[in-house]
Amino acid sequence: MSEGIDLNDIKRRMDGAINAFKHDIASLRTGRASANILDPVTVEAYGSRVPLNQVANVTVPEPRMLGISIWDKSMVNAVDRAIREANLGLNPIIDGQNLRIPLPELNEERRKSLVKVAHDYAEKAKVAIRHVRRDGMDGLKKAEKDGVIGQDISRSQSERVQKMTDDTISEVDRLLVDKEKEIMQV
């Protein structure tokens, strides 16, 4: 490879970190109902742990209510238990083969703790992005040392990798600020 490293691969991996971060913050609860809130819930079903969406259908019938239609009647109590044990602060109400989950108002303390969780997710995303940058820089140093590329190409590509890193981290920061505003909005 006479060009050094594959910049498209670096970009793809950084975008993967952004997508993982978006998925993580989507599961954080704000003032309105979202089916994403239940993404981290896994249910003990048929001898193994499976995601909630493999045993039930999640809907948002009202702005402050989630509805769960469980496909197998024998799974109702297992789904109820899984939601309660997920520490999401939700208390399902069993209604036959369905669950209704009213979403309580978020108090100031809970909002601040959600913002802290969002900051933790952002930090994890930034660490992942920096790991991708490190891998790219190491690849460039090795290619230069092995004589595959020259010093000029190595320098220009390392500058491009650094610019991609800076842009991606600023995207994480922008998404974090937007989520903070959404969480703190009363």
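Q: In this predicted model, in which helix is Ser 154 found, and is Ser 154 buried or exposed?
A: Ser 154 is found in helix H4, which covers residues 151–184. Leaving aside residues up to four places away in sequence, Ser 154 touches Leu 140, Glu 144 and Ile 149. Buried means under 20% relative accessible area. Ser 154 has a relative accessibility of 8%, so Ser 154 in helix H4 counts as buried.

Q: How do helix H1 and helix H3 run relative to each other?
A: Helix H1 spans residues 7–26 and helix H3 spans residues 108–145; their axes lie 9 Å apart at an angle of about 170°. Angles over 145 degrees count as roughly antiparallel. The packing of H1 on H3 is therefore roughly antiparallel.

Q: Into which classes do the residues of the contact of H1 with H3 divide, and how many are in each?
A: On the H1 side the contact includes Ile 10, Met 14, Phe 21 and the charged residues Arg 13 and Asp 24. On the H3 side it includes Ala 118, Tyr 121, Ile 129, Val 132 and Gly 136. The contact residues divide into four charged, one polar and twelve nonpolar.

Q: What span does H3 reach from its first C-alpha to its last?
A: H3 has 38 residues, for which 56 Å is expected at 1.5 Å a residue. Just after H3, Gly 147 takes a positive phi of about 80°.

Q: What is the bridge partner of Thr 59 in S4?
A: S3 and S4 (residues 65–70) form a hairpin with two residues between them, and they pair in the antiparallel sense over five bridges. Along this pair, Asn 57 stands opposite Ser 69 of S4. The partner of Thr 59 in S4 is Gly 67.

Q: Where is Arg 64, and how far in space is it from Ala 33, C-alpha to C-alpha?
A: Arg 64 has its place in the loop between S3 and S4. Its relative accessible area is 29%, so Arg 64 is partly exposed. In sequence, Arg 64 and Ala 33 are 31 residues apart; in space, their C-alpha atoms are separated by 5.2 Å.

Q: Which residue of S6 is the bridge partner of Ser 69?
A: S4 and S6 pair in the antiparallel sense over five bridges. Ser 69 stands opposite Asn 57 on one side. In S6, the partner of Ser 69 is Asn 98.

Q: How many residues of S4 are buried?
A: S4 is mostly covered, and of its six residues the number buried is five.

Methods
Residues are numbered from 1 along each chain as its sequence is written. This is a predicted model: local features need pLDDT of at least 70, side-chain atom pairs count only at pLDDT 80 or more; totals for chains, interfaces and linings use all residues. Side-chain values use heavy atoms; hydrogens and water are left out. Axes are lines fitted to C-alpha atoms, for helices over the stretch in contact, and angles run from 0 to 180 degrees between N-to-C directions. Helices (H or I, at least four residues) and strands (E, at least two) are DSSP runs, numbered from the N terminus. Angles under 35 degrees count as roughly parallel, over 145 as roughly antiparallel, 65 to 115 as roughly perpendicular and the rest as oblique. Contact means heavy atoms within 4.5 Å. Two strands pair if DSSP finds at least two bridges between them. The expected span of a helix is 1.5 Å times one less than its number of residues. Buried means under 20% relative accessible area, exposed over 50%, partly exposed in between (1.4 Å probe, protein chains only).
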